[in-house]
Amino acid sequence: CECCEGIYQGIPQQLNWQTTIVAKTEPGEPMEISGIVYQKDGKTPAPNVIVYVYHTDNEGLYTKGKGEPCALRHGHLRGWMKTDAQGRYQFMTIRPKPYPNANIAAHVHVFIKEPNKNDYYIDEYEFDDDPLLTPQARQRQAPKGGLGIIRLQKNAQSVWVGRRDIVLGLNISNYP
């Protein structure tokens with residue numbers, strides 16, 4: 001993939017299973033995504049897996065941040081988590097907007113890095129209520145890592161909340 005090395009550019013030395021990607025001043029609607037990463041059997045939680053995510057801002061752009069070229073390309077709304085013993089991960093951010101002047105649904109890119117294995121991408125997080133998520137887009141492929149389309153609901157604090165569990169190696173070509 002193009003600029004896959006961006007996963008490592010700017011990675012903190014210490015990772016937790018939870019991360020906050022945005023500053024309190026970031027424009028946009030708050031969003032929290034959580035889930036469990038499972039081993040390939042789909043049942044056993046997978047600890048110590050790095051989950052890297054990045055997405056557009058409230059204008060649908062990858063607003064430049066700091067760092068190396070690929071980190072710049074991924075924008076400033078990016079973050080890392082390392083699953084805990086129960087395989088949990090969680091990130092707090094804003095709900096991304098779709099690209100301007102395009103018919104591509106809003107999404108969050110996600111890469112997985114397992115201990116002692118190459119990193120790989122899985123299907124983006126996409127949102128069930130997005131009008132740009134067409135029936136064709138919903139049926140386009142075998143879901144890598146599990147279904148990436150999630151249902152968001154607003155909680156009492158007006159935060160969009162969603163869940164996506166991930167299965168390691170699911171529908172990944174040449175997975176060991």
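# Reading the sheet and the cores

User: Let's start with a strand pair. How many bridges join β6 to β7, and do the two run parallel or antiparallel?

Analyst: Keep in mind that this is a predicted model. Strand β6 covers residues 107-113 and strand β7 covers residues 120-127; they run antiparallel, with five bridges joining them. To see how they line up, take Phe 111, which stands opposite Tyr 121 in β7.

User: Where does that pair sit in the sheet, and which strands are at the edges?

Analyst: For an open sheet, read off the strand order and then look at the two ends. Here the order is β4-β3-β6-β7-β8, five strands with mixed pairing. The edges are β4 (78-82) and β8 (149-150), each of which pairs on one side only.

User: What should I expect of the side chains along a strand?

Analyst: As a rule, side chains in a regular strand alternate between the two faces of the sheet.

User: Let's pick a residue in β7, say Tyr 125. Is Tyr 125 buried or exposed?

Analyst: The cut-off for buried is under 20% relative accessible area. Tyr 125 comes out at 0%, so this tyrosine counts as buried.

User: Which residues does Tyr 125 touch?

Analyst: Leaving out residues up to four places away in sequence, the list includes Ile 33, Val 53, Phe 91, Val 110, Ile 150, Arg 164 and Ile 166. Tyr 89 is another one of its contacts, and there the two side chains make a polar contact at 3.0 Å.

User: How do I get from single contacts to a core? Which residues have the most contacts inside the largest one?

Analyst: Think of a nonpolar core as buried residues linked through their side chains. The largest one here has 29 residues, and Val 53, Phe 91, Ile 112 and Tyr 125 have the most contacts inside it. At least two of its residues come from each of β2, β3, β5, β6 and β7. The largest share is that of β7, with four residues. There's also another core lying apart from this one, made of eight residues, including Cys 4, Ile 7, Tyr 52 and Tyr 54.

User: And which residues does Ile 112 touch?

Analyst: Again skipping residues up to four places away in sequence, Ile 112 touches, among others, Val 49, Ile 50, Val 51, Tyr 120, Ile 122, Ile 166 and Leu 168.

User: β5 came up as a supplier of the core. Why is strand β5 said to be largely enclosed?

Analyst: Count its buried residues: five of the seven in β5 (residues 88-94) are buried, so the rest of the structure largely encloses this strand. Then check its partners. Strand β1 (residues 18-20) runs parallel to β5 and is joined to it by three bridges, while β2 runs antiparallel to β5, with seven bridges.

Definitions and conventions:
Residues are numbered from 1 along each chain as its sequence is written. This is a predicted model: local features need pLDDT of at least 70, side-chain atom pairs count only at pLDDT 80 or more; totals for chains, interfaces and linings use all residues. Side-chain values use heavy atoms; hydrogens and water are left out. Two strands pair if DSSP finds at least two bridges between them. Buried means under 20% relative accessible area, exposed over 50%, partly exposed in between (1.4 Å probe, protein chains only). Contact means heavy atoms within 4.5 Å. A polar contact is a pair of N or O atoms within 3.5 Å; within protein, one must be able to donate a hydrogen and the other to accept it, and residues adjacent in sequence count only if both atoms are side-chain atoms. A nonpolar core is a set of buried Ala, Val, Leu, Ile, Met, Phe, Trp, Tyr and Cys residues joined through side-chain atoms within 4.5 Å.
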